[in-house]
Each structure stands twice: as structure tokens, then as C-alpha cells.
Amino acid sequence: MARRVQYTSNGDIDQLHLAEVATPEVGSGQVLVSVLYAGLNPLDWKMLQGGRFGTVEGDSGNGVDFSGVVAAVGSGVEDFAPGDLVYGGLPKQAQTEQLLIEDPADRLDRIPRGLGIDTAGGLYITGRTALSGIRALDLTEGDTLFVSGASGGVGIIVAQLARNLGVRVIGSASEGNHGLLRSLGVEPVTYGQGLWDRVREAAPNGVQAAYSTQGADEVEAMLDFGVPAERIVSIGAGPTVAEKHGVSTAGEAAARREDMVWLGQAIAYGHIHVPIARVFDVDEVQDAYRHLLTAHPAGKVLLRFPAKPLTDEQRAQLR
């Protein structure tokens with residue numbers, strides 16, 4: 001048996017609970033992963049609520065991001081072997097002790113040396129979303145980019161990717177996260193009332209592009225500020241608002257298969273820093289989501305599953 005986070009009806013965080021489920025049997029072409037870490041995302045909460053993300057009929061798993069160790073492989077699997085440290089994403093399934101991957105060639109990658117297992121467990125949604133957004137913004141050296149929620153899981157990666165392209169980045173965040181942003185070369189401004197006055201003071205000649213993590217009001221404020229619609233990416237406003245204003249919604253769905261490998265190596269080499277805000281044990285899953293949604297954490301919030309000690313071979317893989 002294995003424990004997994006699940007819910008039986010749409011609603012709020014109190015619908016999440018731990019359940020005992022049968023350990024999956026591994027079939028041909030499949031990989032079974034013992035999950036060590038699972039990353040939390042606002043998208044998980046939106047799926048839990050239902051609406052345009054669909055309603056639940058019966059038991060549903062939860063979460064997308066994960067990292068762990070390969071426990072078993074089915075016949076015909078040549079790219080992975082038991083003991084490999086891996087990371088990836090599987091919608092509404094990841095928060096479980098034993099995760100069956102039916103399409104490992106599309107969902108799974110080895111963790112490169114230098115990338116922590118914990119960090120790897122929170123990369124799938126935020127990393128793929130950030131890389132897709134950077135492509136859509138079509139930034140050039142010397143541009144000024146505004147990033148909302150620049151210390152959050154997606155924003156902090158977007159900001160650093162832009163900085164690595166030679167772009168000046170102004171990012172909104174709570175004052176407690178300003179020091180972190182400055183250490184990454186991002187110019188912080190405090191979000192809330194008067195935000196755009198502060199952005200105008202920081203960039204009197206305006207900004208050439210903007211990345212929005214919030215809703216329709218933020219997109220409209222960016223347009224009012226003078227940012228061209230074609231240079232705005234929004235991941236929070238929804239497709240209707242984006243279509244109305246002509247802004248991009250390039251997100252995780254627009255990612256490329258190789259993005260996770262590229263980002264994992266970039267983090268391992270020190271080109272991108274992804275902070276871990278807090279790690280919760282899996283039986284604290286409700287508290288973990290409340291922290292994610294109310295505490296404005298810098299970086300990623302993770303769930304941790306009990307794990308056996310790493311073998312010497314697995315430790316060597318991380319050096």
C-alpha cells in the first residue's frame with residue numbers, strides 16, 4: 001500500500017486528505033517512481049476548486065511536480081533503471097508515495113549532478129511556464145521588463161532568465177523579499193496601492209515588456225502604463241481576458257520537451273537560483289497549501305515523503 005494526497009469532491013483546501021491506495025503494478029514501457037518531494041503550485045488549488053479545470057467524479061489525486069528515485073521499470077524501458085534519481089510532472093497524480101509513469105519518455109528526466117532532489121521536485125510547472133513566457137516576450141538586450149510576483153515560483157525564474165539575456169528587470173514583491181531579488185540582480189518594488197507610481201519612478205522611460213502573474217486588473221494596468229499588448233505575457237488573467245486585450249498566455253502547455261533538461265542543468269551550473277521557501281511533511285498538506293496561498297513565500301513550497309537513505313551510487317549522481 002502507498003499513501004497519496006487526494007480529494008473526492010471539488011472545493012477548498014480542506015478537501016485534501018491522505019488515503020491508502022494500492023501500490024501500482026508496473027507494466028511494459030512503464031516506470032514506477034518512489035516520490036521524495038512534490039512541489040506545490042497555485043494551479044493545483046485551481047484544479048481542486050474545479051470550474052474551467054473540470055469537476056471531480058470519484059477520487060482524484062493531486063499535484064503535478066515531483067522528484068524521486070526509480071523503484072522499478074517495465075519491460076522495454078531502456079532509458080531508466082532502478083535507483084535512478086529522476087524528476088518530472090504528472091497532473092493530478094504527483095503527491096503519492098509510489099507514482100506510475102506510463103509515458104516516461106515524455107514525463108521523466110534524470111536529475112543532473114548539482115541539482116538538489118528537493119529543488120528538482122518543484123520545477124515542472126514553474127520552470128516550463130517561465131521558459132515558455134520568456135520565449136513569447138521576445139526580449140532583447142537592453143530591454144526593461146516588469147515582472148509581477150517576482151519572488152514567487154514562476155516569477156523568480158522569469159526574472160533570472162531575463163537578466164541572463166541582458167535585460168533590466170523590475171519586479172514586484174513584498175518588502176521581506178526585496179533583499180533576495182537584489183541579490184539576483186532584480187530591482188524590487190513593493191506591490192499594492194501605488195505600485196505603478198513606483199514602477200514609473202524606477203523606469204521613467206517606461207518598460208518594453210511585462211510578465212503578469214495576477215488577474216485581469218493587472219493586465220489592464222500594464223496596458224494603461226503603456227506596455228504594448230504583444231509584449232505582455234499573462235498566466236493569471238485567463239484566456240478570455242487575454243484574447244480581449246491581445247496579450248499572450250504562453251505557459252506550461254506551450255513548453256518544449258527539452259525544457260526540463262535545460263533548466264535542470266542551468267540550475268546545477270549556478271546560472272539560475274530557485275530558493276526553497278519551506279518544506280512540509282506530506283501529512284501537513286493542508287497547512288502547506290495555506291502557506292503557499294497566503295504567506296507570499298519566496299520560491300517553492302514542497303511536500304516531503306519519507307525516504308530510505310540514498311545508496312552510494314545515488315549520492316555520486318548528485319555530486
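A crossing of two helices is left-handed if the near helix is turned anticlockwise from the far one by less than a right angle, and right-handed if clockwise. This is a predicted model, in which local features need pLDDT of at least 70, side-chain atom pairs count only at pLDDT 80 or more, and totals for chains, interfaces and linings use all residues. Residues are numbered from 1 along each chain as its sequence is written, and side-chain values use heavy atoms, with hydrogens and water left out.

Start with the sheet. Helices (H or I, at least four residues) and strands (E, at least two) are DSSP runs, numbered from the N terminus. Two strands pair if DSSP finds at least two bridges between them. Here 5 strands form an open sheet with parallel pairing, in the order 11-10-9-12-13. Strand 11 (187-190) and strand 13 (232-234) are the edges; each has a single partner strand, so one side of each is left without a neighbour in the sheet. From one strand to the next, the twist averages 15°.

Look at one pair within the sheet. Strand 9 (residues 144-147) and strand 10 (residues 168-173) are joined in the parallel sense over 4 bridges. Thr144 stands opposite Arg168 in strand 10.

Contact means heavy atoms within 4.5 Å. Axes are lines fitted to C-alpha atoms, for helices over the stretch in contact, and angles run from 0 to 180 degrees between N-to-C directions. Helix 4 (residues 124-137) packs on the sheet and touches strand 9, strand 12 (209-212) and strand 13; its direction makes about 155° with that of strand 12. Helix 8 also packs on the sheet, touching strand 9, strand 12 and strand 13, and its direction makes about 170° with that of strand 12.

Angles under 35 degrees count as roughly parallel, over 145 as roughly antiparallel, 65 to 115 as roughly perpendicular and the rest as oblique. The axes of helix 7 (residues 195-202) and helix 8 (residues 216-225) come within 11 Å and cross at roughly 40°. That makes helix 7 oblique to helix 8. Their crossing is right-handed. Helix 7 brings Trp196, Val199 and Arg200 to the contact; helix 8 brings Ala221, Met222 and Phe225.

Helix 4 has a helix partner too. Helix 4 and helix 10 (residues 259-268) pack at about 100°, with axes 10 Å apart. Helix 4 is therefore roughly perpendicular to helix 10. Tyr124, Gly127, Arg128, Leu131 and Arg135 of helix 4 meet Asp259, Met260, Trp262 and Leu263 of helix 10.
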